[in-house]
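The entries follow below the display.

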Amino acid sequence: MHGHRGRSALIAAFQHWSFDPFILVIAVLVGVHARGLRRHLKAIARAGRPTAPWIRQAFIWWAALVVLLVAVISPVDYWSDTYLTAHVVQHILLAFVAPPLLVLGAPWVPLLRGLPRPVARVYGALLRRTRGKRPAATSSGWRAAAAVRKIAARPMTPVVLFNVNMLFWHLPGPYDLGASNSAVHIWLEHGSFFALGVCLWLQIFGSYPFRPALAPVGRIFSLIASNATMVVIAMTMVMFAHDLYPWYASRGLAAQESDQQIAGAILWVCGEVTFLPSILYTVTRWLDSSDHAGKGSAGRAVRDRDLYRLSLRPAASGERVIGEGRTVDDQSVSA
């Protein structure tokens, strides 16, 4: 009896894996990152500096990609059409697991160094044309892009957008629209969860060469606010006795009501597991006298020319990247 159940669970774990075009995107990212990391490690080794921190962070970056693939092509995605619990697990992977892993993996320098030179030149042109202080005056489109970039660069923008986005997609109407429309589900709902999740966690942890623009007190407030948003959503799922989402109610499952409550409980617990340690970490770093000399000031922004230079030139010993004396050979993650 128990053996039959074990075999059934094992079979279920290996069933319903699917091929998604997103796999090709992951493959391209892995190739570009591997090319840039190889070049970067060779330059660091020639300079006589340690390569181990970059290798460790590469493993974290790869773990983020694995989590993304699990969310997109595994049975979690297959069962998310039928069970709200599976759909919530998918959201947790996309918003609370993969983004912080990617940020901690700090893949930006290897990715920039791995870009083909023509692509790097296009990237540099985009940076120059959307620069906030001197946007291109010849085109209204470039001026609009510069305005969007200026707003997006404000410290609280990703925090507000992340929480508004989570609330919006967990309303019954948008949620059911995503469940019934695959394009909305994949590109708008899940894409916004992941992209805004990366932007949020960049402001919390930083990701070399990027440093958070928020001061520590702002990071703590952002974490508390985001945690409160998750608690509100989870409590709504747990405490409502009737089905919130008609799509799942229409699936005809006898246990649909308990499925909704289990989904809310999972979201509640996983939200706490994600945010509470992050709050503790941020407070500890803030109180540490070595964290920005005890002043709690935010880091300086990376300049456009520094990012563009990273994509074109190999690292050299002592090459400065940001205005704080750190070099491209130093340990990547800084908060």
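**Entry 1: the whole chain.** I noted at the outset that this is a predicted model. I looked up the secondary structure and found 15 helices and 0 strands. I then checked burial: of the 335 residues in the chain, 44% are buried. The accessible surface amounts to about 16,700 Å², and carbon and sulfur atoms account for 69% of that surface. Among contacts with a separation of 6 or more, 74% join residues 24 or more positions apart.

**Entry 2: helix α11.** I asked what distance separates the end C-alpha atoms of helix α11. The helix covers residues 182-205, which is 24 residues. At 1.5 Å a residue it should span 34 Å, and the end C-alpha atoms are 33 Å apart, so the two values agree. I also looked for a bend and found a kink of about 35 degrees, centred on Gly 191.

I next examined both ends of α11. After the helix comes Gly 206, which has a positive phi, near 75 degrees.

**Entry 3: cysteines.** How many disulfides does a search of the whole structure find? The search gave 0. Cys 199 has a relative accessibility of 33%, so it counts as partly exposed, between the limits of 20% and 50%. Cys 270, with a relative accessible area of 25%, is partly exposed as well.

**Entry 4: Arg 219.** I located Arg 219 in helix α12, residues 216-239. Is Arg 219 buried or exposed? Its relative accessible area is 3%, which is under 20%, and therefore Arg 219 is buried. A polar atom of the Arg 219 side chain lies 3.0 Å from the backbone oxygen of Leu 214.

**Entry 5: Glu 272.** I placed Glu 272 in helix α14, residues 256-287. Glu 272 has a relative accessibility of 22% and so counts as partly exposed. Which residues does Glu 272 contact, leaving aside its neighbours within four places in sequence? They are Asn 227, Val 231 and Pro 277. I also recorded the distance to Met 230: the C-alpha atoms of Glu 272 and Met 230 are separated by 8.6 Å, although the two residues stand 42 residues apart along the chain.

Conventions: Residues are numbered from 1 along each chain as its sequence is written. This is a predicted model: local features need pLDDT of at least 70, side-chain atom pairs count only at pLDDT 80 or more; totals for chains, interfaces and linings use all residues. Side-chain values use heavy atoms; hydrogens and water are left out. Helices (H or I, at least four residues) and strands (E, at least two) are DSSP runs, numbered from the N terminus. The expected span of a helix is 1.5 Å times one less than its number of residues. The bend at a residue is the angle between axes fitted to the seven residues ending there and the seven starting there. Buried means under 20% relative accessible area, exposed over 50%, partly exposed in between (1.4 Å probe, protein chains only). Contact means heavy atoms within 4.5 Å. Accessible areas come from the Shrake-Rupley method with a 1.4 Å probe; for residues, only the protein chains shown count as cover. A disulfide is a pair of cysteine sulfur atoms within 2.5 Å. A polar contact is a pair of N or O atoms within 3.5 Å; within protein, one must be able to donate a hydrogen and the other to accept it, and residues adjacent in sequence count only if both atoms are side-chain atoms.
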